[in-house]
Amino acid sequence: MNSNITADRATFVSHLECSMTGERYEADRPHGLSRVGRPLLVRYDLPAVGAALSRNVVAARDTDLWRWRELLPVRRTASIVSLGEIETPLVPIPKSGGPNVLVKDEGRLPTGSFKARGLVMAVAMARELGVTRIAMPTNGNAGAALAAYATRCGIETIVFCPEETPEINVREIAAQGARVWRVNGQIDDCGAIVGKGAAEGRWFDFSTLKEPYRIEGKKTMGLELAAQFGWKLPDAIFYPTGGGTGLIGMWKAFDELERLGWIGPERPRMYAVQASGCAPIVRAFEAGAEHAERWEDAATVAAGIRVPRAVGDFLILRAVRESSGRALGVGDPAILRAVDECATKDGLLMCPEGGATLAAYGQAVRDGLIEAEERVVLFNCATGLKYPLPDAPQWLDRHQAIDFEMFG
Ligand SMILES: *Cc1c(COP(=O)(O)O)cnc(C)c1O
(Lines give C-alpha, C1' and ligand atoms only; values in the text may rest on other atoms or scores of the structure.)
Protein backbone atom coordinates (compact mmCIF):
# COMPACT_ATOMS: atom_id res chain seq x y z
CA MET A 1 0.00 0.00 0.00
CA ASN A 2 1.20 3.47 -0.83
CA SER A 3 2.30 5.17 2.40
CA ASN A 4 1.49 8.59 0.96
CA ILE A 5 -2.16 7.61 1.00
CA THR A 6 -2.31 5.74 4.30
CA ALA A 7 -0.58 8.58 6.17
CA ASP A 8 -2.66 10.84 8.42
CA ARG A 9 -3.67 13.80 6.38
CA ALA A 10 -2.37 17.20 7.20
CA THR A 11 -3.66 19.72 4.73
CA PHE A 12 -2.96 23.35 5.37
CA VAL A 13 -5.81 24.97 3.42
CA SER A 14 -6.69 28.29 5.02
CA HIS A 15 -9.37 29.61 2.64
CA LEU A 16 -10.35 30.13 -0.99
CA GLU A 17 -9.95 33.35 -2.90
CA CYS A 18 -11.48 34.89 -6.05
CA SER A 19 -8.77 34.97 -8.75
CA MET A 20 -10.10 38.31 -9.99
CA THR A 21 -11.08 40.32 -6.90
CA GLY A 22 -9.25 38.52 -4.08
CA GLU A 23 -12.52 38.12 -2.14
CA ARG A 24 -12.24 35.40 0.56
CA TYR A 25 -14.39 32.27 0.69
CA GLU A 26 -14.61 29.66 3.40
CA ALA A 27 -12.96 26.29 2.79
CA ASP A 28 -14.75 22.99 3.57
CA ARG A 29 -17.92 23.59 1.65
CA PRO A 30 -18.81 23.13 -2.03
CA HIS A 31 -18.00 26.09 -4.26
CA GLY A 32 -18.42 26.92 -7.93
CA LEU A 33 -17.20 30.21 -9.42
CA SER A 34 -16.80 33.36 -7.35
CA ARG A 35 -19.52 36.00 -7.11
CA VAL A 36 -18.07 37.79 -10.18
CA GLY A 37 -18.09 34.54 -12.17
CA ARG A 38 -14.35 33.80 -12.04
CA PRO A 39 -12.32 30.82 -10.75
CA LEU A 40 -11.61 30.40 -7.05
CA LEU A 41 -8.06 29.62 -5.96
CA VAL A 42 -7.20 27.53 -2.90
CA ARG A 43 -4.90 29.23 -0.40
CA TYR A 44 -2.69 27.50 2.17
CA ASP A 45 -1.00 28.47 5.41
CA LEU A 46 2.43 28.24 3.76
CA PRO A 47 4.50 29.19 6.83
CA ALA A 48 2.88 26.23 8.61
CA VAL A 49 3.59 23.96 5.62
CA GLY A 50 7.20 25.14 5.71
CA ALA A 51 7.46 24.31 9.41
CA ALA A 52 6.00 20.81 8.89
CA LEU A 53 7.76 19.87 5.69
CA SER A 54 11.09 20.19 3.93
CA ARG A 55 12.40 19.32 0.48
CA ASN A 56 14.24 16.39 2.06
CA VAL A 57 11.08 14.99 3.64
CA VAL A 58 9.30 15.13 0.29
CA ALA A 59 12.31 13.57 -1.44
CA ALA A 60 12.21 10.60 0.94
CA ARG A 61 8.60 9.74 0.06
CA ASP A 62 7.26 7.59 -2.77
CA THR A 63 7.27 9.71 -5.93
CA ASP A 64 3.54 9.75 -6.67
CA LEU A 65 1.11 12.67 -6.66
CA TRP A 66 0.16 12.19 -3.01
CA ARG A 67 3.70 12.89 -1.80
CA TRP A 68 2.63 16.54 -2.07
CA ARG A 69 -0.31 16.09 0.31
CA GLU A 70 0.46 19.08 2.57
CA LEU A 71 0.11 21.30 -0.51
CA LEU A 72 -3.13 19.65 -1.62
CA PRO A 73 -6.68 20.32 -0.41
CA VAL A 74 -7.90 16.87 0.76
CA ARG A 75 -8.38 16.75 4.53
CA ARG A 76 -9.28 13.09 5.16
CA THR A 77 -7.42 10.03 3.88
CA ALA A 78 -10.75 8.27 3.45
CA SER A 79 -11.75 10.82 0.80
CA ILE A 80 -8.94 9.81 -1.56
CA VAL A 81 -9.91 7.81 -4.63
CA SER A 82 -6.72 6.54 -6.26
CA LEU A 83 -5.94 4.59 -9.41
CA GLY A 84 -2.17 4.98 -9.00
CA GLU A 85 -1.19 8.56 -9.89
CA ILE A 86 2.51 8.08 -10.65
CA GLU A 87 5.12 10.77 -11.18
CA THR A 88 5.46 10.97 -14.97
CA PRO A 89 8.88 10.62 -16.61
CA LEU A 90 10.83 13.25 -18.54
CA VAL A 91 11.65 11.56 -21.84
CA PRO A 92 14.45 12.96 -24.06
CA ILE A 93 13.63 13.28 -27.76
CA PRO A 94 17.08 14.11 -29.16
CA LYS A 95 16.32 13.48 -32.82
CA SER A 96 12.96 15.16 -33.27
CA GLY A 97 13.40 17.82 -30.56
CA GLY A 98 17.11 18.30 -29.86
CA PRO A 99 19.62 17.60 -27.08
CA ASN A 100 17.97 19.84 -24.48
CA VAL A 101 14.34 18.92 -24.99
CA LEU A 102 12.45 16.71 -22.55
CA VAL A 103 8.89 15.50 -22.92
CA LYS A 104 6.88 15.21 -19.72
CA ASP A 105 4.89 12.18 -20.73
CA GLU A 106 1.51 12.45 -19.06
CA GLY A 107 0.10 9.61 -21.13
CA ARG A 108 1.29 7.23 -18.39
CA LEU A 109 -1.31 8.41 -15.89
CA PRO A 110 -4.58 6.56 -15.12
CA THR A 111 -7.09 6.91 -18.01
CA GLY A 112 -4.16 7.82 -20.26
CA SER A 113 -4.10 11.57 -19.79
CA PHE A 114 -3.15 14.31 -17.37
CA LYS A 115 -6.82 15.00 -16.75
CA ALA A 116 -6.37 12.31 -14.08
CA ARG A 117 -4.36 14.78 -11.98
CA GLY A 118 -7.14 17.34 -11.88
CA LEU A 119 -10.01 14.92 -11.56
CA VAL A 120 -8.49 12.72 -8.85
CA MET A 121 -8.37 15.86 -6.71
CA ALA A 122 -11.74 17.30 -7.70
CA VAL A 123 -13.51 13.97 -7.15
CA ALA A 124 -11.84 13.45 -3.76
CA MET A 125 -13.03 16.90 -2.71
CA ALA A 126 -16.53 16.30 -4.07
CA ARG A 127 -16.64 13.11 -2.02
CA GLU A 128 -15.32 14.89 1.06
CA LEU A 129 -17.96 17.63 0.68
CA GLY A 130 -20.84 15.19 0.17
CA VAL A 131 -21.53 15.70 -3.57
CA THR A 132 -23.40 12.73 -5.07
CA ARG A 133 -24.04 13.73 -8.69
CA ILE A 134 -21.68 15.48 -11.10
CA ALA A 135 -22.07 16.73 -14.68
CA MET A 136 -19.34 17.86 -17.06
CA PRO A 137 -18.78 19.13 -20.61
CA THR A 138 -15.67 17.51 -22.13
CA ASN A 139 -13.68 17.03 -25.32
CA GLY A 140 -12.99 13.51 -24.05
CA ASN A 141 -10.11 13.05 -21.63
CA ALA A 142 -11.59 14.96 -18.72
CA GLY A 143 -14.82 12.99 -19.02
CA ALA A 144 -12.92 9.72 -18.99
CA ALA A 145 -10.97 10.66 -15.86
CA LEU A 146 -14.14 11.90 -14.15
CA ALA A 147 -15.99 8.71 -15.04
CA ALA A 148 -13.21 6.49 -13.69
CA TYR A 149 -12.70 8.24 -10.36
CA ALA A 150 -16.36 9.01 -9.69
CA THR A 151 -17.48 5.48 -10.49
CA ARG A 152 -14.83 4.14 -8.17
CA CYS A 153 -16.33 6.00 -5.22
CA GLY A 154 -20.01 5.73 -6.15
CA ILE A 155 -20.65 9.26 -7.42
CA GLU A 156 -23.06 9.45 -10.35
CA THR A 157 -21.82 11.23 -13.49
CA ILE A 158 -23.47 12.76 -16.56
CA VAL A 159 -21.16 13.82 -19.39
CA PHE A 160 -21.76 15.94 -22.52
CA CYS A 161 -19.33 15.81 -25.48
CA PRO A 162 -19.14 18.00 -28.60
CA GLU A 163 -20.16 16.04 -31.69
CA GLU A 164 -16.56 15.96 -32.96
CA THR A 165 -15.20 14.22 -29.87
CA PRO A 166 -13.10 11.19 -30.90
CA GLU A 167 -15.14 7.97 -30.75
CA ILE A 168 -12.65 6.26 -28.44
CA ASN A 169 -13.17 8.97 -25.81
CA VAL A 170 -16.96 8.76 -25.86
CA ARG A 171 -16.72 4.99 -25.51
CA GLU A 172 -14.20 5.02 -22.69
CA ILE A 173 -16.39 7.47 -20.77
CA ALA A 174 -19.37 5.12 -21.14
CA ALA A 175 -17.25 2.04 -20.39
CA GLN A 176 -16.14 3.56 -17.08
CA GLY A 177 -19.66 4.03 -15.83
CA ALA A 178 -20.77 7.54 -16.83
CA ARG A 179 -23.93 8.38 -18.74
CA VAL A 180 -22.68 10.20 -21.84
CA TRP A 181 -24.30 12.24 -24.64
CA ARG A 182 -22.92 13.77 -27.83
CA VAL A 183 -24.18 17.30 -28.44
CA ASN A 184 -24.30 19.18 -31.76
CA GLY A 185 -22.02 22.02 -30.67
CA GLN A 186 -18.67 22.94 -29.11
CA ILE A 187 -17.50 22.37 -25.54
CA ASP A 188 -18.91 25.71 -24.33
CA ASP A 189 -22.31 24.77 -25.80
CA CYS A 190 -22.12 21.57 -23.73
CA GLY A 191 -21.08 23.71 -20.76
CA ALA A 192 -24.26 25.77 -21.12
CA ILE A 193 -26.35 22.59 -20.69
CA VAL A 194 -24.36 21.62 -17.60
CA GLY A 195 -24.78 25.12 -16.18
CA LYS A 196 -28.53 25.07 -16.71
CA GLY A 197 -28.92 21.71 -14.96
CA ALA A 198 -26.71 22.90 -12.10
CA ALA A 199 -28.82 26.05 -11.68
CA GLU A 200 -31.87 23.79 -11.36
CA GLY A 201 -30.10 21.83 -8.62
CA ARG A 202 -29.87 18.62 -10.65
CA TRP A 203 -26.12 18.14 -10.31
CA PHE A 204 -22.79 19.71 -9.37
CA ASP A 205 -21.03 21.58 -12.24
CA PHE A 206 -17.55 20.13 -12.95
CA SER A 207 -16.70 22.35 -15.95
CA THR A 208 -13.04 23.37 -16.26
CA LEU A 209 -12.16 25.88 -13.50
CA LYS A 210 -15.78 26.11 -12.33
CA GLU A 211 -14.87 24.15 -9.23
CA PRO A 212 -11.67 25.05 -7.37
CA TYR A 213 -9.84 21.74 -7.01
CA ARG A 214 -8.83 20.65 -10.50
CA ILE A 215 -6.21 23.40 -10.51
CA GLU A 216 -4.77 21.93 -7.30
CA GLY A 217 -4.41 18.53 -8.94
CA LYS A 218 -2.85 20.00 -12.08
CA LYS A 219 -0.53 22.04 -9.86
CA THR A 220 1.36 18.81 -9.13
CA MET A 221 2.89 19.04 -12.63
CA GLY A 222 4.77 22.13 -11.48
CA LEU A 223 5.72 20.57 -8.13
CA GLU A 224 7.00 17.44 -9.89
CA LEU A 225 9.01 19.43 -12.41
CA ALA A 226 10.71 21.36 -9.60
CA ALA A 227 11.70 18.13 -7.84
CA GLN A 228 12.74 16.38 -11.07
CA PHE A 229 14.95 19.34 -12.05
CA GLY A 230 16.67 19.46 -8.63
CA TRP A 231 14.71 22.59 -7.54
CA LYS A 232 15.94 24.64 -10.45
CA LEU A 233 13.25 24.99 -13.10
CA PRO A 234 13.79 24.60 -16.86
CA ASP A 235 14.21 27.67 -19.09
CA ALA A 236 10.96 27.20 -21.00
CA ILE A 237 7.76 25.16 -20.83
CA PHE A 238 5.51 24.50 -23.84
CA TYR A 239 1.96 23.71 -22.76
CA PRO A 240 -0.95 22.83 -25.07
CA THR A 241 -3.61 25.22 -23.84
CA GLY A 242 -7.34 24.63 -23.85
CA GLY A 243 -8.93 25.75 -20.59
CA GLY A 244 -5.42 26.40 -19.31
CA THR A 245 -5.83 24.55 -16.00
CA GLY A 246 -2.33 23.09 -16.15
CA LEU A 247 -0.59 26.31 -17.05
CA ILE A 248 -2.42 28.20 -14.31
CA GLY A 249 -1.76 25.34 -11.89
CA MET A 250 1.98 25.19 -12.60
CA TRP A 251 2.27 28.96 -12.22
CA LYS A 252 0.55 28.67 -8.82
CA ALA A 253 2.86 25.79 -7.86
CA PHE A 254 5.98 27.84 -8.60
CA ASP A 255 4.62 30.71 -6.51
CA GLU A 256 3.92 28.42 -3.54
CA LEU A 257 7.36 26.78 -3.85
CA GLU A 258 9.06 30.17 -3.85
CA ARG A 259 7.10 31.24 -0.77
CA LEU A 260 8.30 28.05 0.91
CA GLY A 261 11.86 29.00 -0.05
CA TRP A 262 12.27 25.77 -2.04
CA ILE A 263 12.97 27.53 -5.34
CA GLY A 264 14.24 31.00 -6.20
CA PRO A 265 12.47 33.79 -8.12
CA GLU A 266 13.53 32.50 -11.56
CA ARG A 267 10.70 31.19 -13.69
CA PRO A 268 10.52 29.27 -16.96
CA ARG A 269 9.12 31.21 -19.91
CA MET A 270 5.62 29.80 -20.31
CA TYR A 271 4.55 29.16 -23.91
CA ALA A 272 0.80 28.61 -24.28
CA VAL A 273 0.40 26.54 -27.45
CA GLN A 274 -2.88 26.49 -29.39
CA ALA A 275 -3.99 25.11 -32.74
CA SER A 276 -4.35 27.88 -35.31
CA GLY A 277 -7.90 26.63 -35.96
CA CYS A 278 -8.84 27.52 -32.37
CA ALA A 279 -6.51 30.16 -30.94
CA PRO A 280 -8.42 32.63 -28.73
CA ILE A 281 -5.53 33.00 -26.29
CA VAL A 282 -3.02 33.63 -29.09
CA ARG A 283 -5.26 36.33 -30.55
CA ALA A 284 -5.72 38.02 -27.16
CA PHE A 285 -1.99 37.79 -26.42
CA GLU A 286 -1.10 39.45 -29.71
CA ALA A 287 -3.74 42.15 -29.21
CA GLY A 288 -2.41 42.92 -25.72
CA ALA A 289 -5.86 42.13 -24.31
CA GLU A 290 -6.54 40.94 -20.75
CA HIS A 291 -9.43 38.69 -21.78
CA ALA A 292 -9.97 36.47 -24.85
CA GLU A 293 -13.06 36.64 -27.04
CA ARG A 294 -14.79 33.44 -28.15
CA TRP A 295 -13.22 31.78 -31.23
CA GLU A 296 -15.94 31.06 -33.80
CA ASP A 297 -15.94 27.90 -35.98
CA ALA A 298 -13.20 26.21 -33.96
CA ALA A 299 -11.60 23.28 -35.81
CA THR A 300 -8.47 21.20 -35.12
CA VAL A 301 -7.35 17.57 -34.92
CA ALA A 302 -6.11 18.34 -31.42
CA ALA A 303 -9.47 17.88 -29.68
CA GLY A 304 -8.11 18.53 -26.17
CA ILE A 305 -7.29 22.13 -27.07
CA ARG A 306 -10.44 22.82 -29.08
CA VAL A 307 -11.74 25.26 -26.47
CA PRO A 308 -13.27 28.41 -27.99
CA ARG A 309 -13.63 30.24 -24.68
CA ALA A 310 -11.79 29.82 -21.36
CA VAL A 311 -13.16 31.17 -18.08
CA GLY A 312 -9.56 31.48 -16.82
CA ASP A 313 -8.36 33.37 -19.92
CA PHE A 314 -6.91 36.26 -17.90
CA LEU A 315 -5.00 33.89 -15.62
CA ILE A 316 -3.40 32.15 -18.62
CA LEU A 317 -2.49 35.46 -20.24
CA ARG A 318 -1.13 36.83 -16.97
CA ALA A 319 1.15 33.82 -16.40
CA VAL A 320 2.40 33.89 -20.00
CA ARG A 321 3.18 37.62 -19.82
CA GLU A 322 4.70 37.61 -16.32
CA SER A 323 7.02 34.79 -17.42
CA SER A 324 8.10 36.64 -20.61
CA GLY A 325 6.66 33.76 -22.61
CA ARG A 326 4.20 33.89 -25.47
CA ALA A 327 1.07 32.34 -26.87
CA LEU A 328 1.82 30.48 -30.11
CA GLY A 329 -0.48 29.00 -32.76
CA VAL A 330 0.43 26.00 -34.94
CA GLY A 331 -1.52 24.51 -37.85
CA ASP A 332 -2.87 20.96 -38.03
CA PRO A 333 -0.37 19.86 -40.74
CA ALA A 334 2.55 20.93 -38.52
CA ILE A 335 0.94 19.15 -35.54
CA LEU A 336 0.58 15.87 -37.42
CA ARG A 337 4.09 16.16 -38.86
CA ALA A 338 5.50 16.62 -35.35
CA VAL A 339 3.64 13.56 -34.02
CA ASP A 340 5.00 11.55 -36.94
CA GLU A 341 8.58 12.79 -36.50
CA CYS A 342 8.66 12.08 -32.79
CA ALA A 343 7.27 8.56 -33.29
CA THR A 344 9.47 7.59 -36.24
CA LYS A 345 12.71 9.18 -35.01
CA ASP A 346 12.49 8.91 -31.23
CA GLY A 347 9.97 6.11 -30.71
CA LEU A 348 7.60 8.19 -28.58
CA LEU A 349 3.98 8.26 -29.75
CA MET A 350 2.55 11.61 -28.71
CA CYS A 351 -1.05 12.77 -28.84
CA PRO A 352 -1.81 15.60 -31.30
CA GLU A 353 -1.84 18.15 -28.46
CA GLY A 354 1.66 17.00 -27.50
CA GLY A 355 2.64 17.21 -31.16
CA ALA A 356 1.48 20.83 -31.10
CA THR A 357 4.08 21.64 -28.44
CA LEU A 358 6.86 20.03 -30.49
CA ALA A 359 5.76 21.93 -33.60
CA ALA A 360 5.61 25.19 -31.63
CA TYR A 361 9.05 24.53 -30.16
CA GLY A 362 10.55 24.04 -33.62
CA GLN A 363 8.94 27.26 -34.78
CA ALA A 364 10.16 29.13 -31.68
CA VAL A 365 13.75 28.01 -32.31
CA ARG A 366 13.53 29.08 -35.95
CA ASP A 367 12.07 32.45 -34.92
CA GLY A 368 14.87 33.03 -32.40
CA LEU A 369 12.57 32.94 -29.33
CA ILE A 370 14.51 30.02 -27.85
CA GLU A 371 18.22 29.21 -27.94
CA ALA A 372 19.04 25.60 -28.78
CA GLU A 373 21.06 25.37 -25.49
CA GLU A 374 18.07 26.24 -23.32
CA ARG A 375 16.48 23.47 -21.28
CA VAL A 376 12.94 22.96 -22.50
CA VAL A 377 10.00 20.84 -21.34
CA LEU A 378 7.19 19.91 -23.72
CA PHE A 379 3.95 18.50 -22.36
CA ASN A 380 2.56 15.36 -23.94
CA CYS A 381 -0.78 15.33 -22.19
CA ALA A 382 -2.24 12.01 -23.29
CA THR A 383 -1.15 8.73 -24.76
CA GLY A 384 -1.05 8.76 -28.55
CA LEU A 385 -2.87 5.42 -28.44
CA LYS A 386 -6.19 7.20 -27.81
CA TYR A 387 -6.13 8.87 -31.24
CA PRO A 388 -6.67 7.64 -34.80
CA LEU A 389 -3.40 6.33 -36.23
CA PRO A 390 -2.22 6.31 -39.85
CA ASP A 391 -3.08 3.22 -41.93
CA ALA A 392 -0.61 0.33 -41.98
CA PRO A 393 -2.12 -1.68 -44.85
CA GLN A 394 0.61 -4.21 -45.78
CA TRP A 395 -0.57 -7.81 -45.84
CA LEU A 396 1.16 -11.13 -46.32
CA ASP A 397 -0.32 -14.45 -47.54
CA ARG A 398 1.65 -17.17 -45.72
CA HIS A 399 0.47 -19.82 -48.22
CA GLN A 400 2.22 -18.12 -51.15
CA ALA A 401 5.93 -18.00 -51.82
CA ILE A 402 7.39 -15.12 -49.84
CA ASP A 403 9.93 -12.84 -51.45
CA PHE A 404 12.29 -12.25 -48.53
CA GLU A 405 14.23 -9.72 -50.57
CA MET A 406 11.41 -7.22 -50.03
CA PHE A 407 12.21 -7.02 -46.30
CA GLY A 408 15.62 -5.64 -47.21
C1 LIG B 1 -7.44 18.86 -21.68
C2 LIG B 1 -6.32 18.64 -22.56
C3 LIG B 1 -5.44 19.67 -22.90
C4 LIG B 1 -5.63 21.09 -22.38
O5 LIG B 1 -5.42 21.18 -21.01
P6 LIG B 1 -5.86 22.46 -20.19
O7 LIG B 1 -5.08 22.41 -18.94
O8 LIG B 1 -7.33 22.34 -19.96
O9 LIG B 1 -5.54 23.66 -21.02
C10 LIG B 1 -4.38 19.39 -23.73
N11 LIG B 1 -4.18 18.15 -24.22
C12 LIG B 1 -4.99 17.12 -23.91
C13 LIG B 1 -4.69 15.77 -24.47
C14 LIG B 1 -6.08 17.32 -23.07
O15 LIG B 1 -6.88 16.29 -22.77
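The legends below describe close-up views of a predicted model. Residues are numbered from 1 along each chain as its sequence is written, and side-chain values rest on heavy atoms, with hydrogens and water left out. Local features need pLDDT of at least 70 and side-chain atom pairs count only at pLDDT 80 or more, whereas totals for chains, interfaces and linings use all residues.

**View 1. An open sheet of 3 strands in the order 2-1-3.** The pairing in this sheet is antiparallel, where strands are DSSP runs of E with at least two residues and helices are runs of H or I with at least four, numbered from the N terminus, and two strands pair if DSSP finds at least two bridges between them. Strand 2 (24-25) and strand 3 (40-44) are at the edges and have a single partner strand each, so one side of each lacks a neighbour in the sheet. Strand 1 (residues 13-18) is joined to strand 2 by 2 bridges in the antiparallel sense, and Glu-17 is found opposite Arg-24 in strand 2.

**View 2. An open sheet of 6 strands with mixed pairing, in the order 4-5-13-10-11-12.** Its edges are formed by strand 4 (90-92) and strand 12 (326-330), each of which pairs on one side only. Neighbouring strands of this sheet are turned against each other by 30 degrees on average, direction ignored; axes are lines fitted to C-alpha atoms, for helices over the stretch in contact, and angles run from 0 to 180 degrees between N-to-C directions. Strand 4 and strand 5 (residues 101-105) run antiparallel and are joined by 3 bridges, with Pro-92 opposite Leu-102 in strand 5. Helix 11 (residues 280-287) packs on the sheet, where it touches strand 11 (269-275) and strand 12 (contact means heavy atoms within 4.5 Å), and the direction of helix 11 makes about 130 degrees with that of strand 12.

**View 3. The crossing of helix 11 with helix 12 (residues 313-322).** The two axes come within 11 Å and cross at roughly 55 degrees, which makes helix 11 oblique to helix 12; angles under 35 degrees count as roughly parallel, over 145 as roughly antiparallel, 65 to 115 as roughly perpendicular and the rest as oblique. The crossing is right-handed, a term used if the near helix is turned clockwise from the far one by less than a right angle, and left-handed if anticlockwise. Ile-281, Ala-284 and Phe-285 of helix 11 are in contact with Asp-313, Ile-316, Leu-317, Val-320 and Arg-321 of helix 12. These residues comprise 6 nonpolar, no polar and 2 charged, with Ala, Val, Leu, Ile, Met, Phe, Trp, Tyr, Cys and Pro taken as nonpolar, Asp, Glu, Lys and Arg as charged, and the others, Gly among them, as polar.

**View 4. Helix 13 (residues 332-346) against helix 14 (residues 352-366).** With their axes 7 Å apart, these helices pack at an angle of about 95 degrees, and helix 13 and helix 14 are therefore roughly perpendicular to each other. From helix 13, Ala-334, Ile-335, Ala-338, Val-339 and Cys-342 meet Pro-352, Gly-355, Ala-356, Leu-358 and Ala-359 of helix 14. The contact consists of 9 nonpolar residues, 1 polar residue and no charged residue.

**View 5. Helix 4 (residues 115-128) against helix 5 (residues 141-152).** The axes lie 9 Å apart at an angle of about 40 degrees, which makes helix 4 oblique to helix 5, and helix 4 passes helix 5 in a right-handed crossing. Lys-115, Ala-116, Leu-119, Val-120 and Val-123 of helix 4 meet Asn-141, Ala-142, Ala-145, Leu-146, Tyr-149 and Ala-150 of helix 5.
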